[in-house]
Amino acid sequence: MALGAGPEDESEAEALAGGCAFEAFGESAETRALLGRLRTLRGDPAAHEGALERFRVIMDKYQEQPHLLDPHLEWMMNLLLDTVRDKTSPADLVHLAFKFLYIITKVRGYKTFLRLFPHEVADVLPVLDMFTDQNPKDHETWETRYMLLLWLSVTCLIPFDFSRLDGNLLTQPGQSQMSTMDRILQIAESYLLVSDKARDAAAVLVSKFVTRPDVREKKMACFLDWSLCTLAHSSFQTIEGVIAMDGTLQALAQIFKHGKREDCLPYAVTVLQGLDGCRLPNSNQTLLRKLGVKLMQRLGLTFLKPRVAQWRYQRGCRSLAANLQPSTVNPPTVTTQAESPDDAEDYDVPEEVETVIEQLLVGLKDKDTIVRWSAAKGIGRVAGRLPKELADDVVGSVLDCFSFQETDSAWHGGCLALAELGRRGLLLPSRLADVVAVILKALTYDEKRGACSVGANVRDAACYVCWAFARAYEPQELKPFVASISSALVIAALFDRSVNCRRAASGTFPHGIDVLTSADYFAVGNRSNCFLVIRVIRELSAKALHNLTPQAPEYMASQVFPRLLSMTQSLDLHTRHGAVLACAEVALSLHRLAAQEGRLVTDFLDEKMVQGLREIHQQLHERQLYRGLGGELMRHAVCILIENLSLAQMPFKGDPIIEGWQCLINDTLRNLHLISGHSRQQVKEAAVSALAALCNEYYRTESGEAVPAVQKELMKQFLAMLQCSEEMTRCGFSLALGAFPGFLLKGHLQQVLCGLAAVTHISPEDVSFAEARRDALKAIARVCQTVGVSSEGAADQGLCQQNVAGVYDSLLACLRDYTTDSRGDVGAWVREAAMSSLLDLTLLLAREQPDLIEAAICKRVLCGLAQQASEKIDRFRAHAAHVFLALLHPEGPAIPHVPHRAELELLLPRSEVASVNWAAASQAFPRVTRLLALPTYRYHVLLGLVVSVGGLTESTVRYSTQSLFEFMEGIQSDPKALEDFSGALLQVFEDNLLNERVSVPLLKTLDQMLANGCFEVFTTEEDHPFCTKLLTLCKEEIKKSKDVQKLRASIAVFCGLVPFPGGVRKKVLLQLFLLLCHPFPMIRKTTAGQVYETLLTYGDTLDADALEEALTVLSNTAWDAELPLVREQRNRLCDLFHVPRPQLVPKTGAC
């Protein structure tokens, strides 16, 4: 069970299932070859980096299964150390070898890897000598120093006195050489103060070196003095001080961990005093506080003799598998042995232990989890060496953490400590009653802080305590507490809002195999699944209460419901919100149960409870609880209450409360713009759903007609609000009109359709109201579905010949909504809603009255969809394709008048398109471009396709361009098809002149088509109409334009037209020469560069002498210079190509 937080991800189960997929080190041969050729890579930094990265990728695969590397560690190390030991190896190759060694160490861990280093006597001095070449400030080679320190730490274990390695230290009279012992100690001390990871390895070196018998006698006291001085003179307020304290604390902790107790005990008091003087609990450095706690617990263990407490709880059998077996005739014995008098006399506890325990208890309340976890382990270790009475005092002190005056950190640390104590048998059964009481509180711990709550870590740790207890105690010891613990765990497993807590609780049951089959680790990870499906148990979820009601309806009505009603007036916002939702769900569930039995809901709810439901809204309104920060929460909850009470057919018809409910819904829809964006959609949907249910139940007479006064008033109000200046208000009332039942729409259908159609129109005042237009389109489709088709009826009764064309006009007009604002292409929302509405309307008419679908309308619908299916946004392109295919291959009756139906069914057969991912450009465009062969669709597909080809998204541009070129290649041999295509392309250009959304991508598309030779056939004819008209359109498009992107695209098109013979060529060159003197230097330089490339490519069509001079002028002129200088060179080019020089037009001054 993990105590840390983790992502709530649906793919987590698959990731965990595939986490242990390896059975062996599969890249052994590749790794051997990689390490074997390192010597060949000398002097090549790029090759070094490539080899290192490949090795890192291989090793990282085994982060979760590092044991698979064990059989291969030795030969990998030997290959790398051969390079290191080779005197001829350059420094960069040695550093590379150590980088490889570090990667292995990182994956497998240094403790396993350490023992494989060579550690003969002959290895000590060579390793020491390597340090002379190291620069501690070189941040590129820290891996070398890290591995050398580890290597040196293992060579320190040789069983010989270091003085034997020194020989005669006197080299010359009056000069002496530093001893080996001093050299190692100097290296260790220096690297304890560096800022890189070598500091950690230096601490390991110190722990191995200083605890040697010969070094301990000579150097241990000196080193400890140096360490305490370093701590005393360092401040955790500076970076240098933090680094120094970190290395020193690591070294001290390692020494007191690995050193013999009798060797360390003489210095323990001094070190404890020095540690107290550092005041580490006041530091804001988490790592320093953790190391302080770690050293503190090691000091405590040094003060106490290493012994196993005889009084601890000893379970007879520690095997979980054995514990799951049915109990036998002779159950395992549980022994709790008391201390013997002799043991008690020898059990002298130094007074310093009290200081240690006090500091560890402070660590339990630290703000960081890693510090609390270290303190909890320290409490468990120290308590295991204390006498029974003192250990019990420690347990009591830990229990003091569970006070509601303490923070969540103290609760979390207390849980961790209890788990450690229980796991070690240091919590005797006599303490279980006290402990279980606080753990049950911890399982539901939740502390509010502002707008959020904390406590998930406490509840998670409480589950860990339960897990530890289940494995530490005999069943008979836990029997009195099983019911309460299991109940709390079931609630946590199902309804805790934190996924980690739900999963922790689900895996904690001491005998929960059957439970886990239903509430397994992954099932409870899904919040919706956990709250609604797994269990019909509810304390927090209104939906779960709904599911629970059929199990005990009488109890819910008589016991739960009154309590919920009282909670609806709570001062606490969250309690009030949850209670209102719960009342709504329980009331609806009781109604459905009563309906199944042929009864009324009032058979379950008495008059007092019905009155309580009636008064909820009024009381909230009088207390002004619909305002302020919690107002939107309560509006959402009461709207759900209105909907559910209406569906439950509560006896409120004619009651004044109905008017109050209607006012709340109206006010909510009117003020949607005041609701925060993250909850606006939910509130809007709840209000619309509440309105629909309210109208169905309370605004209909017994004959099924609308109450006239109510109908008139609602229509007047709602239609008027469609013209509100607030976009969100239009959204709300549009959807509300769409939710009206048929009897309210009867007689007012034409008004509603016209009002909604007006919302979909774009005017200068509301051009940015894309969401309002989207919701109005949804409402139109819903209204049409509600009223149905009545071909012979009146326009106010249903869809008929008189109004269906108007509805289609509104929907089709919205397919051309390309509004953009700071949010991007917001018109895409409108187009998406329009496509969905067109689908719903067309399928409805095809089912009920196909004659109302005219051929012209069907053509407009399918052509519009074809355009959308060829555009650049993946999501909307896919939606358009699905709608198009749903109309081409409907499940019901065929859609009449589909243009080219037979050809479409051949080009897009049902069997093929069913598996196509239309959101993927690679799959969509090859199929969409097939429609270019059909005259009806060609123009519209081109209109969408040019936007994709000239777009910015790399994959969209690549696949759309590739598909277009494949189509063009197929029609090169068909002059008629090529003429038709080019005509359609020019028509698209002409219809979208100065429309930046289309014209700029179109120019880029034309550039690519010309460069690819798509119109090369036209070069055989002088002044071909295609070239002439394209030139005219391009000139018109860039006239007086200052759009750099458009100008650069037009330059490319002009250059693409140069190969076309006749008078058009001189006109094209004139345009290019005009751009050579454009006011923008960038445009002048771009033009010169592209003209130069064009002349090189197509120069064979020009005079050779003129071409050579023109190329010289183009390449040697500084086109970003002053215009008079540039104009002179431009005129030279005009003369060379016999193009009239452009004349400056004088500016007319003001009169």
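Reply: Helix H14 (residues 286-303) and helix H17 (residues 352-364) pack with their axes 9 Å apart and at an angle of about 150°. The model is a predicted one, in which local features need pLDDT of at least 70 and side-chain atom pairs count only at pLDDT 80 or more, while totals for chains, interfaces and linings use all residues. Residues are numbered from 1 along each chain as its sequence is written, and side-chain values use heavy atoms, with hydrogens and water left out.

Me: Why are H14 and H17 called roughly antiparallel?

Reply: Angles run from 0 to 180 degrees between N-to-C directions, the axes being lines fitted to C-alpha atoms, for helices over the stretch in contact. Under 35 degrees counts as roughly parallel, over 145 as roughly antiparallel, 65 to 115 as roughly perpendicular and the rest as oblique. The angle here is about 150°, and H14 and H17 are therefore roughly antiparallel.

Me: Which residues of H14 and H17 meet, and of what classes are they?

Reply: With contact meaning heavy atoms within 4.5 Å, Val293, Met296, Gln297, Gly300 and Phe303 in H14 meet Glu352, Val353, Val356, Gln359, Leu360 and Gly363 in H17. By class, this contact has six nonpolar, four polar and one charged residues, where Ala, Val, Leu, Ile, Met, Phe, Trp, Tyr, Cys and Pro count as nonpolar, Asp, Glu, Lys and Arg as charged, and the others, Gly among them, as polar.

Me: What makes the pair of Trp411 and Tyr445 tilted?

Reply: Rings of Phe, Tyr and Trp (its six-membered ring) pair if their centres lie within 6.5 Å, and planes under 30 degrees apart count as stacked, over 60 as edge-to-face and the rest as tilted. By this rule there are 24 aromatic pairs. The rings of Trp411 and Tyr445 have centres 4.7 Å apart and planes at 35°, so the pair is tilted. Trp411 lies in helix H20 (residues 408-423) and Tyr445 in the loop between helix H21 (432-442) and strand S3 (447-449), 34 residues apart.

Me: Are Trp411 and Tyr445 buried or exposed?

Reply: Trp411 and Tyr445 are buried, a term for under 20% relative accessible area, with exposed over 50% and partly exposed in between (1.4 Å probe, protein chains only).

Me: Why is the pair of Phe718 and Phe740 called tilted?

Reply: The centres of the Phe718 and Phe740 rings are 5.3 Å apart and their planes stand at 35°, so this pair is tilted.

Methods
Helices (H or I, at least four residues) and strands (E, at least two) are DSSP runs, numbered from the N terminus.
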